[in-house]
Structure formats: C-alpha cells, structure tokens
Amino acid sequence: MLLDFTTLLVLNLIVNVINLGAMTLLWRRYRDRYAGLSFWTQAMAVHVLGIGLILFRTALPLFFTAVVANGLLMSSTLLMLAGFQGFTGTVARRTHNLVAFAVYLLSLSYFSVLVPDIDARNICNSVIIILVNAQTCWLLFRQVPDRMRRITFYAGVLMACYVAVSLARIVILLSFPRESALFRSGLADSVAIASFIALHVCLIIALALTIVRRLMDDVLANEEKFVKAFQLAPYALIISRRDDLGVVEVNEGFCGMFGHSRFEALGKSLPTLLWPAGRPGESLPPEAFTGPGHGEKREIQAQRKSGETMIGELVSEEIAIDGQAHVLSTINDITGESRLRQRLEELATTDSLTGLPNRRFFYERFDIARPLAGRRRTRMAVMSIDLDRFKSVNDTLGHAAGDAVLVEAARRLAESLRHADVVSRFGGDEFVVLLTEVRGVEDASRVAEKIVAAFRRPFEVAGRPVAITASLGFAVFPEHGEDLEALLKRSDEALYESKRAGRDGYAVAGWPGG
C-alpha cells in the first residue's frame, strides 16, 4: 500500500472545504457583476458533500457511499462547465451532457450494486471527467473571443490537466488491474487522488485569477471607452484639481473651441485659462466651478486664444481620480444660439422701424417701475404723443417720407428724455412715454414743453423742409390712476383735449372727478 486511502480523502476534503470558503467569498463579492459564479460555488459544495459521504462509509449503505457520493463528485464537473459558460456568456446545449450523466449513473449503479467492480467504477468516473472537462477546454480555448480567451487561459490549462490525470488513471487501471477492497488503495487511486488534490489547490487559484483578470480587463475597457468618449466629445471637457483648479487634462473639443494646445492648457488655473489674465475683474470666480449649484447649467462668457469672446454653457461636477478630488467641467459653445436668442428678444420688444421699444416692452417696464415707485413714494407720468398732420406727409410725399419722419421723431423724443425714462412706439405715429421719479405735474409739464418744442423745428425729408408738430397729453401716477390701462386712458383723453385746443401743445389729465 503506497498511501493510506482514508488520509488522502481527508486531505482532499480539507482542500475542498477551503476552496468552498474562498469561492463563497468571491461569489458574494462579484455575484451581481459576473454570471456563473453561483455554479462554481455549487460545484465545490457538492464536491465536499460527495467526499463526506465516502468518508462515512461505515455508517451508510454502499449505495450512498458509492453511487450517490460519486454521482455528486462527477456532477460538480457539470456545474463547473455551466459556470464557465455563464462567465463567458456562451450559450450551449446541455442535453447531451445530461444524457451522458444518466448513462454514467446507470453504469455506476451496475458496477456498485449488481456486479461490484472498483476498477470499472473508477473508469466510469474518469470517462465522465474527460467528457465534461474536454468540453470545458474546447469552450475556453476555441469558442470564446480572443479577449476572453486570454482571461480564461489558466483555467483552461487546469481543466486540461484534469483530463490528462483522468486519462492516466484509465491507463493505469487497465494496465494494472487489482482485486483489493475499496479502501485498500492501489497505485491508480494514490496517484489519481494525490493529483486531484494538487489540481483542487490550483483550481481556486485559477478561478480567482480568472475573476481578477476579468476585472482588470473590464477596467481597461472602461478606461478605453472613457478616453475615447472624453477625446471625441463634441464639446470642451476639462479636468482640474479641486483645491486650486489647476488643469490636469483637456480634450480635443477644448483645443478646437478655445484654440489652446493641450500643453498650453495643462497646469494653468481653469478660471484664468477661460478668461486670460490682464483683464482684471473679468475672470471667472472659482465658485463657478466648485460653489453651490456647480452641478447645474450656467451661462458664462469666456475668451478664445484669438481674443474673441464666446458664450458657453458650463456644467461642473466633482469626481475622484486616484482618491483625489477633481472637477470635470463641460463647456458647450452656445455663442450662436445666445446671439440668436438675444436678437429674437430684441425683435420681440423693439419697433423694427424706429428702434424704439414696442408696446410689450413698455408694459413690462411699467410693471417693474410701479412697485419701485410705491416703495420710494415717488410719482410717474405716462405721456401719449401724436404727430400733427402726419397723414398729409404720407399722402403727398409717400410712405418712405413718412417713415423718415417717424425715425426722426423717435430720435428727437429720445433726446428729450432722461436715460431712465422710456419712449415707445405703439403704432403709426402714436408714441408713449414713461417718466419715472417725477415730483408731480410740474416736472412732467417741463418735459412735455421740451418735447413739444423739439418738434417745432422743421423736419427735412428728401432735401425739403416739412412742418410737423406734436400734440401731447399726460397723466400722473398715482393721482390719475394706479394701473397702466387707466393711465393710458387718461393720457389719451388729455391728448385729444390738446388736439381740440389747436394742436402743437400739451394737456394734463383732469384730476379724478375733475
């Protein structure tokens, strides 16, 4: 007797229990990340159970220690194959393996119960190991993609070793048949079990290496995807340190948008890079990248290397790189969109002919000025202005001449007012003025006189003078009304009173009840 068979089985059991514990830890850590780990854990669990049944040979019937125990040991090979199929994402039919396993169980039962033959049982065990592990080798060496093949290489070599040991066991059993009892080990059992113990020790190492290599491959793949996404993004991406906003990386989108090369950008302060030094007070504050709301979109002004000012949409998020806090800033060039939006807003609130604010802008400005006047206890005046005999200009000289008069009228009105006041063209030759912060009718009357006097100077149209005067009426807030509609109504009434009085003058709205 070369080695004590029971000692070998106990040693085998200890190794497989350790493997089961290690595999359980790997399964708990990576079960949600990789498929197949549960099959590997189950394979080691049933292997431990099978060896345990064999060791309890004196307390259990032969059927359990020979058929059930060996069936569990061999089923672990099927579970290992299923685990590798799941881990590599390979879809395979298992019907032929189930049929082969059923034939194996029948043969095992026959040589255990009906015609007891230890060598025949061991040959059956070796055949099923060869059949299943050969499929595992074919899967790992031929079926999986090249990238996965590099990951599972060591596991594939180990499965090939299982096949080689089983083949050697068959050769030994056929070459040196024996008649010894089950627990009186011969050369085949000693060599096989010792070899399997060594392979079991290597198995958990191979599986752990397979998982680790898969993790490293995933990290590299994700890093590659990130680098491609970072560099090929159509907008500017900048990574800077959280503490001093020193730039550590920029993408090609940034270089194309701002005109700086990567080496010109690295190491510079991000706010200074976006708005270079030499223009004090105009660089972006650090709070734009790290302060409250830094994760939200905000519109900024930045400067290209050429000196051209651009408008960008900035979003900054804090990220961790190698355990250090960094800031990932994204800038989208919205210069064209911003200018278009500004132009559309201007068109929506500006009279296209005279360039004066239109009715909409006037209403919005009044809504802003009204509560301010209430808090400051000041007055405002709303003036309605019409050009006298303007229709005759259109009829005799044409609409082009009329437009020229309107443009000149708008200019004279603007010159007659303060910067805080608003003059708006409501339509035709109708203009409306909002005077803010006036002390009362006296202040408004002085402005009205100034406007009427400005229109008494002749207008020159197509090289010839044209006599145009203005009629004006105004109402004072809050004496004549507290909302714009009321004030416009009262100022219009005063305007018509001025026209009835002979034009070229102004009138004040009557006092309430007057």
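Predicted model: local features only at pLDDT ≥ 70, side-chain atom pairs only at ≥ 80, totals over all residues.
I started with helix 3 (residues 62–88) and helix 4, whose axes come within 10 Å and cross at roughly 160 degrees. Angles over 145 degrees count as roughly antiparallel, so helix 3 and helix 4 are roughly antiparallel to each other. I checked the hand too: helix 3 passes helix 4 in a right-handed crossing.

From helix 3 I get Leu62, Phe63, Ala66, Val67, Asn70, Gly71, Met74, Ser75, Leu78 and Leu81, and they meet Asn97, Phe101, Tyr104, Leu105, Leu108, Ser109, Ser112 and Val113 in helix 4. By class, I have 12 nonpolar and 6 polar residues here, with no charged ones.

Next I went to the pairing of helix 4 (residues 95–114) with helix 5 (residues 118–143): they pack at about 170 degrees, axes 9 Å apart. That makes helix 4 roughly antiparallel to helix 5. On the helix 4 side I noted residues including His96, Asn97, Phe101, Tyr104, Leu108 and Ser112; among their partners in helix 5 are Ala120, Arg121, Cys124, Ile128, Leu131 and Gln135. The residues of this contact split into 9 nonpolar, 6 polar and 1 charged.

Last entry, Thr41. I found it in helix 2 (residues 37–55). Is Thr41 buried or exposed? Buried means under 20% relative accessible area, so Thr41, at 12% relative accessibility, counts as buried. What is Thr41 in contact with, leaving aside its neighbours within four places in sequence? I listed Leu20, Met23, Thr24 and Trp27.

Definitions and conventions:
Residues numbered from 1 in each chain as written. Heavy atoms only, no water. Axes fitted to C-alpha atoms, helices over the stretch in contact; angles between N-to-C directions. Helix = DSSP H or I, 4+ residues; strand = E, 2+ residues; numbered from the N terminus. Parallel < 35°, antiparallel > 145°, perpendicular 65-115°, else oblique. Contact = heavy atoms within 4.5 Å. Nonpolar A, V, L, I, M, F, W, Y, C, P; charged D, E, K, R; others polar. Buried < 20%, exposed > 50% of the residue type's maximum accessible area, 1.4 Å probe, protein only. Left-handed = near helix turned anticlockwise from the far one by under 90°.
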